[in-house]
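Let us walk through this structure together, beginning with the whole chain and then stopping at a few local features. Keep the view open as you read.

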Amino acid sequence: MTETLHSPAQTPTRGPTRRPARELTAQDTADIASAWLADLAAALKSSSASDLTELFTDEATWRDFMAFTWDFSHSIGRDSLVPRLLDLAKAAELDGVRTSVQQPPVAEDDRIHVFFDFTTKDRINRGYVSLIHDEERYAASMMQTQTIGLQDHPERIRHHRRDGKVYGVVPDRPRWSSERRQQAAFEDCEPAVLILGAGHNGLSIAARLGALDVPTLVIDREARIGDVWRKRYASLALHSTVFGDHMPYLPLPPTWTAHTPKDKFADWLESYAKLLDLNVWTSTTFLNGHYDEAAQQWTIHIRREDGSIRTLHPRHFVVAGGLFGSPKIPAIKGIETFRGVVAHSDEFQGGADFSGKKALVVGAGVSGHELVHDLYEHGADVTMLQRSATYVVSYESYHKYWSGHLFSEDSTFPADFADQIAYATPNLRSDEIQKKLVKLAAQDDKDLLDRLAARGFKFEWGPDGTGIIGAHMSGRDSYQINIGASELIADGKVHLKQGVELVEVKDGTTAVFSDGSELEVELIVFATGYEQFWNHIRPSLGTAAAKIDKAYGRAADNEYANTWRRSAQPGLWFGTGFIRMARFYTTFTALLIKAIEEGIEPVDPKKA
């Protein structure tokens, strides 16, 4: 993870709490962590800026996820961190700082990883600090704090779990399955939350809200949960590893494959919804919505599978449809005359029927590479059209630098704690780390990249050199995590046309390019990406959409724009991103919605 890029710790001079982390015993580690946390609690209680200053390095950062305020925020540098922490700790009535009862401190990589529990006036929270040697003592180079629960409204997990079957005598006891159907139908009541999209984001939010007793309904236009994955090309698989793909409350079993095929993941999503008793309406289309500012609720129209129109009045509407919406296909002169097969990667199922045929794949992102790989494996004569440039990283380098030891079979930390470390770095500081990681990965992948360049393949390195993470933050998908396609291109087994456009199809079989060259083909697949999902549904939300400049990407405060937090439009929420992001961020979305439902927080703080 990004932790590996911090400067090595300095060697202390004396005493058990002065030893470098690599020499510490478990007891030394616990003593140092306990002492640092005691000093932290004392400095905050006395409001001593000088005492607090001694506990952090000059360049220390702090990132907070709704432990102190109901928003995301960060500080970079001790001079910014200390006064802000003092102010917020006093306002939020911070108390009960102690070493985590779930995760003991760990001395590793010349630093001590310390997790700690604490409360604020209505919340239960967990913090993390990375302690390194600063001159003659341990000081925090990084701190992260996050809420994990509401004091008076615990999640329905472990000893707070529901009964299921109530023991004793219950006259006219209904079947459990009948009760579930009734709950999911919402015939006599309204959902407090309506979620659009039954992918990993929507289902994760629904699971968190369900555990908080917030009536929640998920709608999805597909016939089955997971169909958005089942309908994609046959060779598609998750690029993340099993260790980063756990969803809330239900980790993947230890027998799960290291790499998850898309059909397997589709079935997992369907099973997840069933096992966690989530209320999902499939074959249901969102039509439009209007937000009543005075009543602070939505009027949303949806079309059910039988064609009937249902009107719902939730207080919260969550758009969890992913980053991308409808397929993007360029207008090509004469494409309607093509006598072969033409398809977008969204609907193309794979190369099994194209052995011995000539194929053209337009696009050089992940989908484009995986499709040429699949077509080659099935005996097609395939050409990739790379119109501009692509960021390329090998699968091995990607996980070496962006997953690290936090998500492996030998992980030091459980997923929830590993997530906390992974999201401890403020985005601005992370940008600089991403640039370093991109360069390190490029050095490891140099041989492959040089061979690709020799074939005429053009590279980009993400926005300002920030690679895949920067690309995602800016809504771009021009990257490739290589699992074999790049070698096929480098070896000339997959042909490459670079820097031109497909402009015409003539004579029903000939692809004509902007440089005048031509290619006889029997299959054209457009791996040309998707429209932005928010832009796709924006017109159907009327005036409520006017306040949202963008969903995802960076906001002015360098946290996520309108996503996982309150959006600029009260009652409108967005959830999108990787599986790992959904597991982490849905905690905060759900707890804030619960706080609003319980009257702890107002719907609109500006009008409170």
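Predicted model: local features only at pLDDT ≥ 70, side-chain atom pairs only at ≥ 80, totals over all residues.

Residues are numbered from 1 along each chain as its sequence is written, and side-chain values use heavy atoms, with hydrogens and water left out.

The chain has 16 helices and 27 strands; these are DSSP runs numbered from the N terminus, with helices being H or I of at least four residues and strands E of at least two. Along its principal axes, the C-alpha trace spans about 80 × 70 × 45 Å. How does the radius of gyration of the chain fit a compact globule? With 608 residues, such a globule would have a value near 25 Å, and the chain's 26 Å agrees. The radius is taken over C-alpha atoms, and the globule rule is 2.2 Å times the number of residues to the power 0.38.

Of the 608 residues, 54% count as buried, where buried means under 20% relative accessible area, exposed over 50% and partly exposed in between (1.4 Å probe, protein chains only). Among contacts (heavy atoms within 4.5 Å) with a separation of 6 or more, 68% come from residues 24 or more positions apart.

Now turn to helix α8, residues 366-377. At 1.5 Å a residue, its 12 residues should span 16 Å, and the end C-alpha atoms are 17 Å apart, which agrees; the expected span is 1.5 Å times one less than the number of residues. Is α8 mostly covered or mostly open? It is mostly covered, with 10 of its 12 residues buried, including V366, H369, L371 and L375. The buried residues of α8 pack against strands β17 (358-362), β18 (381-386), β20 (479-482) and β25 (523-526), and against helix α14 (485-490). After α8 comes G379, with a positive phi near 90 degrees.

Q296, between β11 (285-292) and β12 (297-303), has a positive phi near 55 degrees. At 30% relative accessibility, Q296 counts as partly exposed. Y552 sits in the loop between α15 (533-537) and β27 (572-574), and its phi is also positive, near 80 degrees. Y552 counts as buried because its relative accessibility is 3%.
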